[in-house]
Each structure stands twice: as C-alpha cells, then as structure tokens.
Amino acid sequence: MIAARPLVMTNRTIAGVAIFIASESIFFLAIVLAYIAYREAGLATAKANLDIVRTAVFSIALFASSGTMAVAARRQDARWLAATIALGAFFLLGQGSEYARLLAEGIGPGSALFGTTFFTLTGLHGLHVLAGLVALGALLGSVVARARGVFPIAWEAVSLYWHFVDAVWVVVFSVVYIGTIL
C-alpha cells in the first residue's frame, strides 16, 4: 500500500500558505533574536512596567482560539469560527490596552531600547493577528453567505495561518513576559 502524500505536497494553496508561514517564521525568529540580544539593556524597565498576569489573561484567550479554530475547521462550523474571532479580538484589545498603559507611563516605540524592541516585536505580532482576524472574518462571511460553496481547503489555509499566529505568541510571550521574571 502506498502512503498518502501530505496535503502540503499535493495542494498549491496549502503549499503557498506553508511557504508564507516559513518565511514569516524566519522573520519573527530574527526579531525575537534581536529582542534577546538587547534584552539586558531594557530588563529593569520590563520588570518594572510589564503586567505579566494581565497579559497572561489575554494570552490564554489567544491560545484558546487555536482550539476553537481547530474545531471550526474540522466541523466547518460558523459558530466556532465566530468564537475564534471573538477570542482573537479580545487578545488584540488586551494588547491595545497594554500599549495604552505603557504609552501613558512614557514608554513608547522611540522612548528607549526596551520600548523600541518591545513595540516592534509585539506590534508586528499584533499586525499578524489583525491580518488573521481579517482572514477569519472573510471566511466567516463566505460561510454565512454560502456555506456549501466554501471549499475545505479554505478552512485549512486560514486555520494554518491562525495556528501560526498563536504559535508565534507562545514564543513572544515566553521571551518577553516570562523571560522578564526568570
């Protein structure tokens, strides 16, 4: 019996998404390494100003959204997709409130090395979450308009991207927030 080839090898859409995710992974790796390289210079500021517990709450919402996305894709269910969007939006609003708090304390993208590296790394991730929410919203709109007309590959492609965004946050949260207290 011949083993089935992985979907990434047989479908151009999934191959394209995989290549895009690989390139974005390298991009994020470079930014994370830059953050780590300059971490010591901003560690005191990070320890004094980052709200790890509050950010953990928003992070849990993002992590949970990977679960709701997996269910949504498997069942091709608009309600689970809507839950994923809600959890992702909650995360993004939480990140926005963290930014507002830091900016009010005088910490911004150009204020010091910590501000520059923090806002660059988390801001780029936030833009990726926003792009993911747009993709999720487009998928939801298509499903609501014509559920049977949405191909399973669309669910798979959007799901892969969303899981990527979630995985990146695991790394960013670990390096930026948990790394601050270790």
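**Figure 1. Surroundings of Glu-24.** Apart from neighbours within four places in sequence, Glu-24 is in contact with His-128 and Phe-164. The model shown here and in the other views is a predicted one. Glu-24 belongs to helix 2, which spans residues 12–37. The side chain of Glu-24 makes a polar contact, at 2.3 Å, with the side chain of His-128. Although buried, Glu-24 has no salt bridge. The nearest side chain of opposite charge is that of Arg-12, 22 Å away.

**Figure 2. Overall arrangement of the chain.** The secondary structure consists of seven helices and zero strands. From the N terminus on, the order of elements is α-α-α-α-α-α-α. Along the principal axes, the C-alpha atoms fill a box of roughly 55 × 35 × 25 Å. The chain has 182 residues, of which 41% are buried. When contacts between residues at least 6 apart in sequence are considered, 78% of them join residues at least 24 apart.

**Figure 3. The largest nonpolar core.** This core has 45 residues, and those that touch the most other members are Leu-50, Leu-81, Phe-118, Leu-121, Trp-155, Val-176 and Tyr-177. At least two core residues come from each of helix 2, helix 4 (52–75), helix 5, helix 6 and helix 7. The most is given by helix 7, with 14 residues. Phe-118 has a relative accessibility of 1% and therefore counts as buried. Residues up to four places away in sequence being set aside, Phe-118 touches Tyr-35, Leu-50, Glu-98, Tyr-99, Leu-102, Gly-123, Val-176 and Tyr-177.

Figure 4. Across the whole structure, a search finds 14 aromatic pairs. One of these is the edge-to-face pair of Tyr-99 and Phe-118, with 6.2 Å from centre to centre and 70° between the planes. Because Tyr-99 lies in helix 5 (residues 78–104) and Phe-118 in helix 6 (residues 113–146), the pair ties together parts that are 19 residues apart in sequence. Tyr-99 counts as buried, with 17% relative accessibility. Trp-169 and Phe-173 form a tilted aromatic pair, 6.5 Å centre to centre, with 40° between the planes. Both of these residues, Trp-169 and Phe-173, lie in helix 7 (residues 152–181), four residues or about one turn of the helix apart. Trp-169 and Phe-173 are both buried. One aromatic cluster is formed by Phe-91, Tyr-99, Phe-114, Phe-118, Phe-119, Trp-169, Phe-173 and Tyr-177.

**Figure 5. Salt bridges around Arg-101.** The structure as a whole contains five salt bridges. In one of them, Arg-101 is joined to Glu-98, and the closest N and O atoms are 3.0 Å apart. Arg-101 and Glu-98 are three residues apart in helix 5, so about one helical turn separates them. Arg-101 is partly exposed at 22% relative accessibility, whereas Glu-98 is buried, with a relative accessible area of 2%. Arg-101 also forms a salt bridge with Glu-105, in which the closest N and O atoms are 3.1 Å apart. Glu-105 has a relative accessible area of 41% and is partly exposed. Through salt bridges that share partners, Arg-54, Glu-98, Arg-101 and Glu-105 are joined into one network.

**Figure 6. Contacts of Asn-49.** Asn-49 lies in helix 3, which covers residues 39–49. With a relative accessibility of 16%, Asn-49 counts as buried. Beyond neighbours within four places in sequence, Asn-49 is in contact with Arg-101, Leu-102, Glu-105 and Ile-107.

Figure 7. Gln-76 is found in the loop between helix 4 and helix 5. Most residues other than glycine have a negative phi. In Gln-76, however, phi is positive, near 50°. Gln-76 counts as partly exposed, at 35% relative accessibility. The side chains of Asp-77 and Arg-79 meet in a salt bridge, with an N to O distance of 2.8 Å. Asp-77 is buried, its relative accessible area being 11%, while Arg-79 is exposed at 65% relative accessibility.

Key
Residues numbered from 1 in each chain as written. Predicted model: local features only at pLDDT ≥ 70, side-chain atom pairs only at ≥ 80, totals over all residues. Heavy atoms only, no water. Phe/Tyr/Trp six-rings, centres within 6.5 Å; stacked < 30°, edge-to-face > 60°. Buried < 20%, exposed > 50% of the residue type's maximum accessible area, 1.4 Å probe, protein only. Lys, Arg positive; Asp, Glu negative; His and termini not counted. Salt bridge = Lys/Arg side-chain N within 4 Å of Asp/Glu carboxyl O. Polar contact = N/O pair within 3.5 Å; in protein donor to acceptor, adjacent residues only side chain to side chain. Contact = heavy atoms within 4.5 Å. Core = buried A, V, L, I, M, F, W, Y, C linked by side-chain atoms within 4.5 Å.
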